[in-house]
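Here are my notes for a first look at this structure. Keep the model open beside you as you read through the points.

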Amino acid sequence: MRRTSWLWGTSLAAYAFLYVPLTIVVLFSFNDSKLSAEWVGFTWNWYRTLFADDAMLGAARNSLFIAVTASLAATVLGTMAGIAMHRYRPKLLPFMVLTPVAMPEILLGVSLLVFFISVFGEQALSLATVIVAHTTFCIGFVAIIVRARLAGMDESIFEAARDLGATPWQTFRLVTLPLIMPGVIAGALMSFTLSIDDFVITFFTTGVGVSTLPLQIYTMIKVAVTPEVNAVSTLLMVLTLTMIVIASRLAPDALRGQG
Amino acid sequence: MALLEIRNVTRRFGALTAVENVSVAIEAGEFFTLLGPSGCGKTTLLRMIAGFDLPDAGAILLDGRDLAGTPPEKRPIHTVFQSYALFPHMTVSQNIAFPLKMAGKSANEIATKVKGALEQVHLEEKGAQYPHELSGGQKQRVALARGLVNQPRVLLLDEPLGALDAKLREEMQFELIELQRDIGVTFVFVTHAQPEALALSHRIAVMNAGRIEQLDEPSKIYGLPVNRFVADFIGKCNILDANVVEAAPGGLKLEVKGLGEVAAPAREGARPGEHGVLALRPEQVRIGAPDTQHDLKNHFSGRVRDLLYVGDITTYVVELPNGTRIEALLPNSAPGRATFFEAGDTVRVAWRHDAGNFLRD
Amino acid sequence: MTRPRAESVTRWLVSGPPFLFLFVFFALPSLIMVVASFRYPGEFGGLAPLVATRPGEDAGLTAENYGVFFSDWIYFQILAKSFGVALLTTFVCLVMAYPLALLIARSPKRHRDFMILLVVLPFASNFLVRVYAWMIILGDQSVFLRPINYALAQIGVEPVSLLFNGFAVIVGMVYVHLPFMILPLYTNLEKHDPALLDAAQDLGANAWSRFWRVTFPLSLPGIFSGAALVFIPVLGMFAIPEILGGKDDWMVGNMIKEAFLGTRDWPFGSMLSIMLTLAVLIVAALAAWLARKGTARA
């Protein structure tokens with residue numbers, strides 16, 4: 001039909017718009033030239049420089065550590081929040097859980113900056129403050145996913161478990177937890193991804209000498225751009241891509257109806 | 001002593017009284033049904049027996065012991081839920097084994113009992129399958145097996161046959177009766193489908209708006225309804241406005257609106273001048289050609305207005321001269337009945353002097 | 001009759017920890033910020049104490065930060081520009097996202113999940129990377145721009161610069177936020193009953209009418225969700241204007257960043273943050289109200 005081909009055309013253009021810039025970044029990470037202007041030749045050079053760059057490696061270590069810790073904390077707290085929001089329908093908790101997700105990141109970043117320094121003094125900012133900051137905005141994502149998973153289940157299953165002799169704790173352990181587990185894991189992976197990728201909030205809450213990969217990229221972009229940025233970007237993309245694909249297998253509905 | 005006693009139980013939700021001062025004594029081994037329209041309180045009552053809700057007043061006693069303070073997991077009472085509530089992440093065998101595991105039974109005993117339960121519900125081959133692989137009827141049977149496997153004192157069934165199609169429903173009804181008879185566990189069954197209740201139960205409690213209207217065995221519920229609600233709710237019934245003219249031990253003389261004088265069976269406490277209704281079952285009304293039926297006490301002429309043919313019987317709606325309509329039932333293979341009546345035919349309807357019931361509202 | 005006490009214990013055990021965590025690390029900081037917007041800046045940056053420790057030192061609470069905002073026209077201008085950028089970005093995102101969302105919603109079921117995954121995947125790349133990609137494309141040295149400028153130079157027109165200006169900022173904003181518009185729109189469109197369009201066609205509506213009178217109105221709740229998901233983050237952005245824009249392209253976010261990390265005038269920065277928060281709340285309330293109205297009709 002005529003109308004469908006028009007639809008296809010504009011959609012393909014939209015997909016191209018989404019992917020061409022990223023393809024360029026990946027392509028030029030293999031380009032044997034300092035400028036990302038035209039293709040000169042294939043090289044692994046920039047990846048070699050990357051792995052020799054101590055600052056970059058330190059930042060990568062930090063990013064990983066922060067992401068693992070923050071996603072763990074956010075998953076535990078977010079799962080509890082998701083269960084609480086589904087079962088007890090509280091008034092205040094959803095607001096506190098979801099607002100950090102909905103607000104512009106800069107607001108959370110600066111308010112935590114002011115908070116930490118006011119409460120803990122001038123030297124307060126450190127790795128720990130970043131972890132706390134990341135946990136705060138990741139809780140919301142996990143909670144949304146877990147709550148959605150619970151909403152899709154037959155409520156009478158939990159009553160049936162108690163009816164047949166299971167204490168509330170046994171019901172949680174043997175019935176609830178196994179059934180929400182895919183959602184919990186998807187939430188954990190999402191938190192990991194968000195943490196690794198975060199720039200704005202990290203920007204305001206890191207201490208001196210604590211850098212993460214996005215911060216390194218930022219510095220490089222502003223100071224001296226070399227294709228090393230392309231290389232680290234490509235690697236980062238591969239990592240988060242894997243996480244998202246796994247998460248999408250476990251909780252396909254979570255990635256859709258958000259907002 | 002009754003096995004399960006519900007004593008003056010009341011439950012309110014804000015301004016709504018879901019269950020009002022209900023008292024029932026259920027005997028061991030009984031198939032007991034709570035029957036009523038949606039919203040009558042039967043499910044609320046069931047949930048209180050299971051322990052998921054607590055009465056605002058009154059008590060529920062098992063073997064004479066008050067169940068208040070005993071959480072659901074400690075009550076020797078199990079429920080078959082309307083949606084079956086099978087654990088989706090466990091196999092059929094694991095589902096059935098669940099209550100046994102909760103009771104701390106040994107692995108050997110569990111294996112034996114699960115096997116026995118599967119045989120009892122004719123699902124021997126399905127042990128390793130998951131709920132989503134089963135049909136509605138099969139899920140039903142797993143839910144039953146799971147509820148019965150560790151011999152509860154009472155099994156509660158919350159409209160378990162609601163999701164099944166008509167034919168399957170009927171098959172399951174037979175299976176339920178057999179199961180209950182073989183195992184001997186007390187069943188408390190909740191439904192709004194009155195043919196089902198009549199078919200399955202030893203006794204029925206008809207509920208309406210939180211109260212029990214009548215508690216009796218099926219034949220009495222059907223044949224001797226105690227008030228207009230029960231007569232109307234159970235089966236089909238002609239409900240005709242009536243006044244008592246004479247009351248004698250041998251029978252009543254009623255003045256029925258639109259019909260005139262009608263003879264009805266005696267009713268205790270009926271007094272002349274009393275207002276009520278005559279409840280007459282369609283199968284008690286005979287229908288024939290205009291010049292027949294003179295041998296029955298109550299007979300009237302009318303015209304066939306509508307008829308409903310359902311294969312084994314035909315229901316005729318006969319309109320009498322003043323507009324009153326009476327439903328009469330005719331089996332379709334009665335000997336000597338060669339002709340059916342058509343709409344518009346003039347017919348004669350009649351019933352015995354001791355047919356029907358005079359009821360107060 | 002008493003309700004089981006164990007249930008309330010469980011309730012507190014489950015909702016307590018997340019509530020506590022968020023209270024300390026979200027609610028409290030927000031409150032501190034509100035108060036900070038009413039304080040004086042410290043001598044070496046940060047916040048001045050609430051009680052004066054030395055004679056002549058500014059201390060206590062004041063509304064002067066807000067006074068500055070309302071007295072100097074430039075702050076309002078930047079806020080207005082931020083709104084403008086957000087509005088334009090939202091509109092462009094909507095125009096680009098709609099055909100794609102429509103296509104995915106109308107595709108056969110087995111393709112949809114994959115097509116949506118393709119939309120979400122670019123989201124997997126780091127935000128800065130996505131911005132950096134446009135630095136490459138729009139830069140003067142880029143493969144794309146040089147031939148265009150060369151051709152323009154031949155006909156005597158000034159070379160066009162696509163980077164470090166408002167154009168680049170908008171492109172960057174749209175690029176980063178496009179998935180946020182596609183997803184809610186798709187979720188809404190997927191639920192449309194195809195029978196409605198058949199009915200409209202049966203009653204004489206052509207393709208455009210069917211879209212404008214049936215599909216579009218029904219998709220309004222999705223549009224509002226997507227618009228909110230784009231508009232609000234764009235409002236608070238600072239990295240994109242900083243990297244892709246020029247001096248004239250500053251937005252509220254840039255001012256806030258400058259206040260906290262540059263001039264270290266925290267009260268002023270806090271005040272700006274409060275203003276931004278208020279703006280966001282107004283927009284969110286508007287979006288929610290519009291979405292409710294749209295759903296009520298549909």
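## Notes on the three chains

1. Let's begin at one pair in chain B: Thr10(B) has Ala57(B) as its bridge partner in β4(B). The strands concerned are β1 (residues 4-13) and β4 (residues 57-62) of chain B, which run antiparallel and are joined by 5 bridges. A word on terms: helices (H or I, at least four residues) and strands (E, at least two) are DSSP runs, numbered from the N terminus. Two strands pair if DSSP finds at least two bridges between them.

2. Before going further, some housekeeping. This is a predicted model, in which local features need pLDDT of at least 70 and side-chain atom pairs count only at pLDDT 80 or more, while totals for chains, interfaces and linings use all residues. Residues are numbered from 1 along each chain as its sequence is written, and chains are lettered from A and ligands numbered from 1 in the order in which they are written.

3. Back to those strands. β1 and β4 belong to an open sheet of 4 strands in chain B, with the order β2-β1-β4-β5 and antiparallel pairing. In chain B, β2 (16-26) and β5 (65-66) each have a single partner strand, so one side of each has no neighbour in the sheet. Helix α1 (residues 42-50) of chain B packs on this sheet and touches β1, β2 and β4 of chain B. The direction of that helix makes about 60° with that of β2(B). Here axes are lines fitted to C-alpha atoms, for helices over the stretch in contact, and angles run from 0 to 180 degrees between N-to-C directions.

4. Chain B also has an open sheet of 6 strands, in the order β6-β7-β8-β3-β9-β10, and its pairing is mixed. At the edges stand β6 and β10 (211-216) of chain B, each pairing on one side only. On average, neighbouring strands of this sheet are turned by 20° against each other, direction ignored.

5. Take a closer look at β6(B). Are its faces covered or open? Both are covered: Ile77(B) and Thr79(B) on one side, and His78(B) and Val80(B) on the other, are all buried. Buried means that 20 or more other C-beta atoms lie within 10 Å of the residue's own, with C-beta atoms placed from the backbone (12 or fewer is exposed, in between is partly exposed). β6(B) runs parallel to strand β7 (residues 154-158) of chain B, and 4 bridges join the two. Within that pair, Val80(B) stands opposite Leu157(B) in β7(B).

6. Now the domains of chain B: the assignment gives domain 1 (4-229) and domain 2 (236-359). Such bounds come from an automatic or database domain assignment. The C-alpha centres of these two domains of chain B are 39 Å apart. Contact between them involves 4 residues of domain 1 and 5 residues of domain 2 of chain B; two residues are in contact if their C-beta atoms, placed from the backbone, lie within 7 Å.

7. Chain A is another matter to look over: it has 11 helices and 0 strands. Its C-alpha atoms fill a box of roughly 70 × 65 × 30 Å, taken along the principal axes. Of the 259 residues of chain A, 52% count as buried. Among contacts in chain A with a separation of 6 or more, 78% come from residues 24 or more positions apart.

8. Chain A is divided into domain 1 (1-43) and domain 2 (47-250). The C-alpha centres of these domains of chain A lie 30 Å apart. Their contact takes 7 residues from domain 1 and 6 residues from domain 2 of chain A.

9. Which elements of chain B each supply at least two residues of the side that touches chain A? The contact itself has 16 residues of chain B against 15 residues of chain A. The elements are β6 (77-80) and α2 (92-102) of chain B, and α2(B) gives the most, with 3 residues. By class, the chain B side has 10 nonpolar, 4 polar and 2 charged residues. Ala, Val, Leu, Ile, Met, Phe, Trp, Tyr, Cys and Pro count as nonpolar, Asp, Glu, Lys and Arg as charged, and the others, Gly among them, as polar.

10. Last, chain C meets chain A through 74 residues of chain C and 69 residues of chain A. Helix α1 (residues 5-36) of chain C gives the most to the chain C side, with 19 residues. That side divides into 55 nonpolar, 16 polar and 3 charged residues.
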